Amino acid sequence: MESVRTQVVIIGAGPAGLLLGHLLHREGIDNIVLERRSNEYVLQRVRAGVIEWGIANFLEEAGVGQRMRAEGLVHHGIEMRFDGVSHRIALSDLYDGRAITVYGQQEVVKDLINVRRSYDAPLHFDSEVTGIEGLNSAHPTVTVTAPEGEMTISADFVVGCDGSHGVSVESVPRGYMRRFERVYPFSWLGILAEAPPATEELIYTRHSRGFALYSMRSPTLSRLYLGVRPDETLDAWPDERIWEELTVRMATDHTAEIGQGPIIERGITPMRSIVVAPMRYGRLLLAGDAAHIVPPTGAKGMNLAVADVRLLAPALVARIRGGDESLLNSYSDDSLRRVWRAEEFSTYMTQMLHPHPTDDFENGVQMARLRQVVESEPAARALARNYVNLSSV
Ligand code: RFL
Ligand code: PHB
């Protein structure tokens, strides 16, 4: 079995793992990124699309924002649609001219992989971490199953950026970390379609039949979501049914039909909230979805992953270079404050926009919340600040 040594082992090549690897490399810290999926799989995985103002700035400062600035779509507002009427929330007017950038997560991942390839730092695809040992010793080790065979890597620190079903949390003694969880009674059916977006801004819709979201990836690609029952499967949703349902839920008195086109990707994602605390055990640190999941209604998941790494990279650098552990010691508390704020906002957005199938008291409260957002400037301002820049305040 091959045995390798490095300073930091990073498990997972999503936005969190790849960005951390890049930030550490820039500070001269050796690291190895391990990813169980193939390079192709990671590049075509369609996920998040909204990048907050401060997170976009940070990606640029980190030297990986060039294409995002050139090709990303800057949005100054979003629409909230209910009772067949659209209301614009003027994000930038409400928040010092700040805006969001719509740029696909797989494009962020592609940019991060390209930059890593440019300086030839180790990044292993098809390489699954199957065990983590010695987290309370000076040199923890991970066991990796790769196409070339098994490998062990010993490091100063292990960082779990391995998403929501990762091996990192599993390697911590039971009972050490607390897991807070909420499951919502619906899922999102998401599609990517070769159709020019019919509108310029995202539209969050509440209809009595359920939630719908109109988003996009480029001037030729639309990204749409439908709130569906948690037990729904894709077999029950042929293309015609998806378009029909989107058309019904998004209809207003004034809008034309939504643009349709070939569906090139589809999936169903359950909606849930998870927080794991603390985000550290000995020499293991957690970042991104490995430590927390938010329902996608607030568009926060990728932003939180980047924000974790923005704190964690300097903390690891200070500890490895100078032996100063203070930043590492406060990493979990500092991150979790932001994570709980994001959970609060994502829950608020989710509950306001997903009608309850039977509880009409709940539905009355939802409508009151929506009306407040479009009628009260302080309420709209609060939404704008949270939507545009929660991870940087
Ligand atoms: P990732 O991207 O899941 O990456 C984890 C990686 O770890 C690998 N892995 C392993 N590798 C080696 N050994 C093992 N034992 C491993 N176990 C796992 C996995 O293969 C994977 O490649 O986590 P990361 O980096 O923390 O990034 C988090 C984001 O991906 C996630 O939060 C967002 O996609 C969430 N999200 C959104 N976030 C936003 O900020 N804005 C949005 O608009 C937004 N929309 C969304 C979303 C997520 C969605 N889905 C599908 C969950 C919309 C949807 C529909
Ligand atoms: C997306 O474009 O994929 C997207 C946008 C906003 C959300 C979730 C997903 O809240």
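Some ground rules come first. Residues are counted from 1 along each chain as its sequence is written, while chains get letters from A and ligands get numbers from 1 in the order in which they are written. Since this is a predicted model, local features need pLDDT of at least 70, side-chain atom pairs count only at pLDDT 80 or more, and totals for chains, interfaces and linings use all residues; side-chain values use heavy atoms, with hydrogens and water left out.

The chain splits into domain 1 (2–76 + 97–181 + 272–349) and domain 2 (184–270 + 356–392), with bounds that come from an automatic or database domain assignment. Taken over C-alpha atoms, their centres sit 28 Å apart. Across the boundary, 36 residues of domain 1 are in contact with 25 residues of domain 2, where contact means heavy atoms within 4.5 Å. The size of an interface is often given as the accessible area lost when the parts come together. Here the buried area (what two parts lose on being put together, with a 1.4 Å probe, summed over both) is about 2,600 Å², and carbon and sulfur atoms give 60% of it. Val46, Phe345 and Tyr348 stand out on the domain 1 side: they supply 20% of the area that domain 1 buries against domain 2, more than any other three residues.

Next comes ligand 1. Its surroundings hold 33 residues, the closest being Glu35, Arg45, Gln105, Asp289 and Met302; a residue counts as near if one of its heavy atoms lies within 4 Å. Several polar contacts turn up, meaning pairs of N or O atoms within 3.5 Å (within protein, one must be able to donate a hydrogen and the other to accept it, and residues adjacent in sequence count only if both atoms are side-chain atoms). Glu35 places a polar side-chain atom 2.6 Å from an oxygen atom of ligand 1, and Arg47 places one 2.8 Å from an oxygen atom of ligand 1. Arg36 uses its backbone instead, with a polar atom 3.1 Å from a nitrogen atom of the ligand. On its own, ligand 1 has 1,000 Å² of accessible area, and the protein covers 91% of that; such areas come from the Shrake-Rupley method with a 1.4 Å probe, and for residues only the protein chains shown count as cover. Two or more shell residues come from each of α1 (15–26), β10 (128–133) and α9 (301–322), and α9 gives the largest share, 4 residues. Helices (H or I, at least four residues) and strands (E, at least two) are DSSP runs, numbered from the N terminus.

Ligand 2 has 14 residues around it, with Tyr204, Ser215, Arg217, Tyr225 and Pro296 nearest. One of its oxygen atoms is 2.6 Å from a side-chain N or O atom of Ser215. For Arg217, the side-chain figure is 2.7 Å, again to an oxygen atom of ligand 2. A polar backbone atom of Pro296 is also 2.7 Å from an oxygen atom of the ligand. The protein covers 97% of the 280 Å² of accessible area that ligand 2 has on its own. β16 (210–218) and β17 (221–228) each give two or more residues to this shell, and domain 1 and domain 2 each give at least three.

Finally, Pro197 sits in the loop between β14 (178–193) and β15 (203–207). Not counting residues up to four places away in sequence, Pro197 touches Tyr214, Met216, Ser218, Pro219, Thr220, Leu221 and Ser222.
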